[in-house]
Every structure is written in structure tokens, then in C-alpha cells.
Amino acid sequence: MSLQLLTYIFVGITFIVYIGIAIWSRASSTQEFYIAGAHVPPLANGLATAADWMSAASFISMAGIVSYMGRDGSVYLMGWTGGYVLLALMIAPYLRDFGKFTVPDFIGDRYYSQLARMVAVVCAIFVSFTYVAGQMRGVGVVFSRFLEVDINLGVLIGMTIVFFYAVLGGMKGITYTQVAQYCVLIFAYMVPAVFISILMTGNVIPQIGFGSELNESMGGGYLLDRLDGLHQELGFAAYTAGVRSSLDVLFITAALIMGTAGLPHVIIRFFTVPSVRAARKSAGYALFFIAILYTTAPAIAAFARTNLINTVNNAVYTEMPVWFRTWENINLITFDDKNGDGRIQYVADPDINELNVDRDIIVLANPEIAQLPNWVIALIAAGGLAAALSTAAGLLLVISTSISHDLLKRNLMPNISEKQELKFARIAIFFAVCIAGYFGINPPGFVAQVVAFAFGLAASSFFPAIVLGIFSVRMNKEGAVSGMIAGIVFTATYIIYFKFINPAADTAENWWFGISPEGIGTVGMLLNFIISVVVCRFTPAPPQDVVDMVLDIRVPGKPS
Amino acid sequence: MREDDNKYWQENIRILKILLGIWFVVSFLMSVIFVDQLDVIRIGGFKFGFWMAQQGSIYVYVILIFVYLKMMDNLNHKYHHEEKDILAEEKSDQAS
């Protein structure tokens, strides 16, 4: 069977499953629409959280980024998993006990302030839109490469599918679709990884394979030693050594970790389980399921890097395999024969280097480079779509609840009935899908840059406000609001300056204390903590009912 | 009652301090600050520091959450904070 037909079959089957789940799990109340009636078993919530979390970036780009960054790629590996420990220990159980629908619900009630609620709503909407634009783009890229349809048509098909199950089922529909999507994406990710691990090292488990010796046919010796050697031969830094300063690595990792723990679309997943204990347990399941992919990614990165260098370096250009041409046609691989010898020079020195390879290719083309069968390649398409759609749906729900619940019901129109609120939620999700689709078709040039924004803002706004709200009874609205505003303004200014106003200055010499814009969220977070605590000391204590509420959520099983 | 809640909270904080202490050492000391020193040790084809940064830290995170779940179960049992299991109750309601 041809690759394209296989891809159509795989993608078609998964889409039918998603639509089937949507029809089965329609939501009939706001409770079902916002938090799936708080009836999701921990295991299902763990699977759904994992799919919610792992986006097109995790599935398509991450192994490629690690492959190019070597050891420094660990900022993403740890940064996007370590936050779950903070979520499980410091946030999820208490917010579950609080028992409302959204993150702005908690911020607004805990700090008895509509201003605090509105700051939280604006942050939640901004962070989610930033994130969702990238997902829609991912859907378009997968469609255009694997199904050879127009990228815009691809985005439209993706929008229709998400629209269908998000509008019908709300959180309930999204949750059970995400469970299916996790199964699709993890299978699609693991199959090629296992194949390649066996081909290169004879080891079935990729996590162990990339620390093993290469097969005799590939020359033997430890794979990572070989890779270090190849890198040094070509003038790159050794793969297993870092290039970035320890301080910058530390700050970027911390910003991603605190950002993860403050992202609203992740936090609300823990409102959907029936108890505090279930919230803890599902955080454990979620991280376990995420870890399967996140520990495989660095293995794929090392395998692919070795394969790529072996295949292309000093090879005759006209003898390159078919995949090289396919990716060259859509400009993800570019070759410029600078010295005119007809061979590909792939080296660190930019004056001599003749080849540029887009990092996304590491996952998308890996099965082709390793000459795996067509059905494995078709799987990658279905997996990439599952990763992008599941994350997009979770984000769209946050945007919709922020508008219908936090903005309308809890602020502007407190008297609307539940039925009206549900209608507004569905209308809001409709417009959110349309805006997300628009960004997918006309991507703003800065999608990559704004990712630093999403995590930086979540780390410098939500994380300290939530943690202080639980662990400090004395924290009041003056402290929290001034802390959040200081954290956001500081972080946003630093990122906007280096990414938009003066991108030419975005080098280590100009950064404050050598901290890159990706890591500045950590400083913003510290600033938020300090200002909150100081301002709180000089302003009145919170009212007694708020104090009681905090004491109640600290002890499970009590009505709050 | 508040007295009891206070003791419960203090023990909860103690658990968090221990587990988050381990989390900090694994994430920031072993995988970032002292990674080059640990790289001297080798396990098979892995340098230990590199392995911690790209594999080990993630395994430790998963273990930490399940240890926390267990420790909190014990603590809640000690203070009789048993939660109702809504899902199981509904299932038995339907069965009967």
C-alpha cells in the first residue's frame, strides 16, 4: 500500500474515534462542561493530562531540539516534567479541595478582589492563545507534508474536528478524546524509537539503547562516545557536554518548571477528579505517562543525530536518498554547494557548512532516514495530529471558561442562568477556535518567541500567587496583586525588549547577569514573591472568611 | 479541632520539605551545577551527570509523586481524614 493511502487510513480512523467519543460524551450542565462533573477517574485523568500537556512541540520538535543542543537540551526535558512535582505537592490537591471551576476562580476568591480575578483572566487568555496558535500550525504542517493537502485546508480540517468535540462535550468530551489521543500519540512515538534502537544497538528499550554499544555492522563502541567523536571531528562541541552557562541553564529550567506548575490548562485538569487523593494520584499517573515520551526523546535525539551525520557528511549530493529530496522540496532541508565538489559538507563552521536541516525533521523524517516500513511513517502523522489537537482542545476550553465563567458569570453578568452560561461557553469556544485557526493559517512571525512568554508569564504571575495563597494565611490582596503586576511587567518588559524591540542585542553579553529571555521568568517569579511578602506586611490582614477558607483547603475532606 | 489541624499541617509541611529537598538536589545540583563533576563516573555508555540531566531526574520526579501519595495516605489515616470515594460508592449503588 502506498504511504499516502496508509496515512489517510490511519488519520481517518483516529478522527472517526474522536468524533464518536464526542457524540457519546455530550455535556448538559456547566459542571460537566467546565470540569467533566468532577467524575473523571485518576487513571483517565492522568492519560488526559499527559495528552493535554504534550503538544505539537513535544511530539514534533523536542527530540530535534535536544538533538541540536546535546546536553543543554535537558532544560526542556527537566523543565517540562519537573513542574509536575510542584503541581502534585503544592498546588493540585489544595485547588481540588477548593472545588471551583477555574484558576481565576481561586485567585479572585482567595484574594477577595475583582482586580485580582481580572489580572488572572487576562493572563490565562493571553497564555492560552499564545500556545494554541502553535498547535494549529502543527496540524497544518502535518497535513501538508503527509497528506499533501494545502496547509490552510489542513488547519480548517483540524479546526472542524476540535470544534466538534469541544463545543459538544466541553471538558467531558475533551477528557475522553484526550485519553484516546494519548494512546495514539505514544504508540506513534514509541514504535519508530524501538525499531531504531534495535537497528542501531540491538536493544529493545530506547532509554537503555542510547547508552549501549553500537551493533557490529555500525562499527561497535558506545553510541554516545561515537557521537561525541563525530561532533568533535566536525568542529561541534561534544554532544554530552554543555555549551550554555550553568547559571543560564539553571534559570531556564526553573522558569519552565514554575511555568508548567502555573499553566491554567494543566491546573484545571485536576478539578475534574472526584477527590483530593485522586488529584495527587492522577498527577503521578500523568507524569508517568509523560515520562515515557520524555525519556524516549533524548534517545531518539542521539540515534537521529548519529544517523544524520553518518548519512549526509561528505556524501555525494546526487546520490542522496528520496527523503532528502522530499524535505528539500518544502525547504526544511537546504543545501548550498559552496566549494563546488558535489559533496555535502556538514560542519560547525558557518563559512564552510553547506547543509541546513530543520530540527522538526528529526522526528518527522526519522523513520524514513532509518528506512522503516511505510506504516510506521503513516503512524507519525496520526500521532502528530493527536498531540496537536489534544493540546489545542485543552487550551480552547481555558479560553472559553475564562470568558463565560470568570468574566461574565463571576464579574459582569452575575445573574445569568446556568443554561445561558453554558450557551456563552459554547459561543466563546466557537470564537476561540476561529481565532486559533486564523493564527494557524496566518501565523504571526513570532510564534517561537512567544513560547518564552507563555512560560515566563505563568511563572511570574500564577505560580507565586497560588502558592502564597495556600501556604501563607496572612497573604492579602494588596500583596498578591502588586506581586503579580510587578512580576508580569518585569518579565514582559525584558522579553519584549530582547525579542521584539532590539532582537540584535539578544546575546549573552547584553543579558542581565547572563540570564536569557527564556530564563527571566525565574527572576520575575522571585520578584513577585518578594514584593508580595513585603507589601503584605504593611497592609491589613485578609478577612476572617478568607482565613477560614485557606485553613479548610489545607485539610482534605472538610467542606469549604 | 483547630489544634489537630495545626499539627496535621505541620507534618504535611515536613513531608513537603523532605521531598522538595530531594527534588531540588536532583534537578538543580546534580543535573546542572555539578553535572561536570558527576560526568567522571560512568554507567555503561552514559556519563552519570549527562544521564541525570536527560533521564535520571525524570525517573526521580515520578517516584517522588508516588512516595508523596503514600506518605499523605499514611498521614490522613493517622488523623482520620478519610475521604469518601464518590466513584466507588456510585458503582456499588448501581450494583445494588
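A36(A) sits in the loop that links α2 (30–35) and α3 (42–53) of chain A; helices here are DSSP runs of H or I with at least four residues, strands are E runs of at least two, and both are numbered from the N terminus. The model is a predicted one, with local features needing pLDDT of at least 70 and side-chain atom pairs pLDDT 80 or more, while totals for chains, interfaces and linings use all residues. Residues are numbered from 1 along each chain as its sequence is written, and chains are lettered from A, with ligands numbered from 1, in the order in which they are written.

A36(A) is not a glycine, yet its phi is positive, near 50 degrees. With 26 other C-beta atoms within 10 Å, A36(A) is buried (20 or more such atoms make a residue buried, 12 or fewer exposed, anything in between partly exposed, with C-beta atoms placed from the backbone). N314(A), also a residue other than glycine, has a positive phi too, near 65 degrees. This one is in the loop between α14 (276–312) and α15 (322–329) of chain A, and it counts as exposed because it has 12 C-beta neighbours inside 10 Å.

As for chain A overall, it comes to 24 helices and 2 strands, and 58% of its 560 residues count as buried. Helix α18 (residues 374–412) of chain A has 39 residues, so at 1.5 Å a residue it should span 57 Å, and its end C-alpha atoms, 55 Å apart, agree with that (the expected span is 1.5 Å times one less than the number of residues). α18(A) does bend, by about 30 degrees at S402(A); the bend is the angle between axes fitted to the seven residues ending there and the seven starting there. Since 33 of its 39 residues are buried, α18(A) is largely enclosed by the rest of the structure.

Now for the partner chain: 36 residues of chain B are in contact with 44 residues of chain A, contact being C-beta atoms, placed from the backbone, within 7 Å. On chain B, α1 (2–33), β2 (46–47), α3 (48–78) and α4 (86–95) each supply at least two residues of the touching side. The largest share, 15 residues, comes from α3(B). By type, that side of chain B has 23 nonpolar, 9 polar and 4 charged residues (Ala, Val, Leu, Ile, Met, Phe, Trp, Tyr, Cys and Pro are nonpolar, Asp, Glu, Lys and Arg charged, and the others, Gly among them, polar).

How values were computed
Two residues are in contact if their C-beta atoms, placed from the backbone, lie within 7 Å.
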